[in-house]
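Hello,

Here is the structure I promised to pass on to you. Have a look at it first, and then read my notes below.

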Amino acid sequence: MAGRARTAAGRHGTRRRTAVLWLTALLLVPVWGCAAPAKAPDGAAGEIGRTLDRRAAAILARDERAYLAVLDPSAPAARAAGRREFRDLAEVPLGSWEYRPTDVERSGQRATVHAELRYGLAGLDRAPVSAPRTLELTERAGRWYVSADRPAEGGAQQLWEQGAVRAVRGARSLVLGVGQDDARLRAIAATADRAVPAVDGAWPGPWARRAVLLVPGSPEAMARLLGASAAGYRGIAAVTTGIATGNTASGAAPADRVVVNPEAYRDLSGFGQEIVLTHETTHVATRTATSAATPVWLSEGFADWAAYRGTDRTAGQIAPELRRAVRAGDVPAVLPSDEDFAFGAGADRLARAYESGWLACELIAERWGARRLTDFYRAVGAHAGREGAVEKALHDVLATTPEDFTARWRAYARQRLG
């Protein structure tokens, strides 16, 4: 799982250093045991698939009796856990739910199924979320029953596996929370509702124009939703999960979720919360135009540009670390690399990387216009690969070269921050 973080002390009005992170989710393939178990015969695999289909249909129909009917009758603990999870899902507005087995391993009356869970929220997701799962099934009297359903090795939990989900709908958002009171979820929805039109003004063209936010009960719970260690997320205010797919004909990129850290987000000022959610919603909007060809300085710089656009913050307030460097005579020689955005880069270096990306996007918007900035972003993401992507877009969209643009950016840094 790759990650990018941004420190946000001061600029977001927080009492401690926080960050914004964009993640590109990777599918992790589990490895089971030392010897390869036997593959299930076609007949068994078909029966197992039909059991999973019945489970999915029961979830969608909100049919608890049918859901319990596919759980192992001789495993009371598993049945009790399944009943709780079914009820914890009650407020999640599901529009689709299916299991797509990728591998079935059978040993006697037991089988292990590696599958993709694909689910979508009704009226919100253009394409489903995909999550790797491992299911254990048991055969009894010729029928297969589910005895366990868990994230695949290295995979992430789903929100409803952490407790009863509360759903709050905003005008342009859906907030799903566990362990949060409704007033707090409504406040987050209101902020997200303001973020969506702000992003829409910065990013013309088709996108969902709505946001889905997950609010777990703690930073530890947030990390479990991301399939990662809690240590790296305590100061992270929000994360956007999704897969950067590049330009697609349908525009139906896999669904994004903005995951909110309830503690770090709470420590932000109201202005800081709006900046964070606008930044993250920008990643939702730009997903189909973002690809492996897009450098991090552009994806994060554009998200910051969209978030700060139209606010009364000065360049020095938006980019305090870069301003300190410029005033000390240490103007960066080049735009930041992807490595400058890594967790281990150090707080100051990380802040300067984000601020440098923002300044580069601000320069394009001021010198060539906001529409050219979005055209540039799309052109970079549409390139076949990273090599040459920025260079070609600079030539085709801005009629300039990397050397000229870098020189302009360095001069702009002196002008705005010196």
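This is a predicted model: local features need pLDDT of at least 70, side-chain atom pairs count only at pLDDT 80 or more; totals for chains, interfaces and linings use all residues.

Tyr145 has a relative accessible area of 13%, and buried means under 20%, so Tyr145 counts as buried.

You can find Tyr145 in strand E6, which covers residues 143-151. Along the chain, Tyr145 and Val70 are 75 residues apart, yet their C-alpha atoms are separated by 5.0 Å. Setting aside neighbours within four places in sequence, Tyr145 is in contact with several residues, including Ala69, Val70 and Leu71, as well as Glu136 and Leu137.

In soluble globular proteins, nonpolar side chains tend to be buried together. In this model the largest nonpolar core has 71 residues, and Leu213, Leu277, Trp297, Trp305, Phe376 and Phe405 have the most contacts inside it. Helix H11 (residues 347-367) gives this core its largest share, 10 residues. If you zoom in on Leu213, you will see that its contacts beyond four places in sequence include Leu174, Leu176, Ile188, Val258 and Leu277. There is also a second, separate core of 46 residues, with Leu89, Val92, Leu214 and Leu226 among them.

Leu226 also belongs to the buried residues of helix H5, together with Pro219, Ala221, Met222, Ala223 and Leu225. H5 spans residues 219-226 and is mostly covered, with 6 of its 8 residues buried. Just after H5 comes Gly227, which takes a positive phi of about 65 degrees.

Enjoy exploring!

Best wishes

Methods:
Residues are numbered from 1 along each chain as its sequence is written. Side-chain values use heavy atoms; hydrogens and water are left out. A nonpolar core is a set of buried Ala, Val, Leu, Ile, Met, Phe, Trp, Tyr and Cys residues joined through side-chain atoms within 4.5 Å. Buried means under 20% relative accessible area, exposed over 50%, partly exposed in between (1.4 Å probe, protein chains only). Helices (H or I, at least four residues) and strands (E, at least two) are DSSP runs, numbered from the N terminus. Contact means heavy atoms within 4.5 Å.
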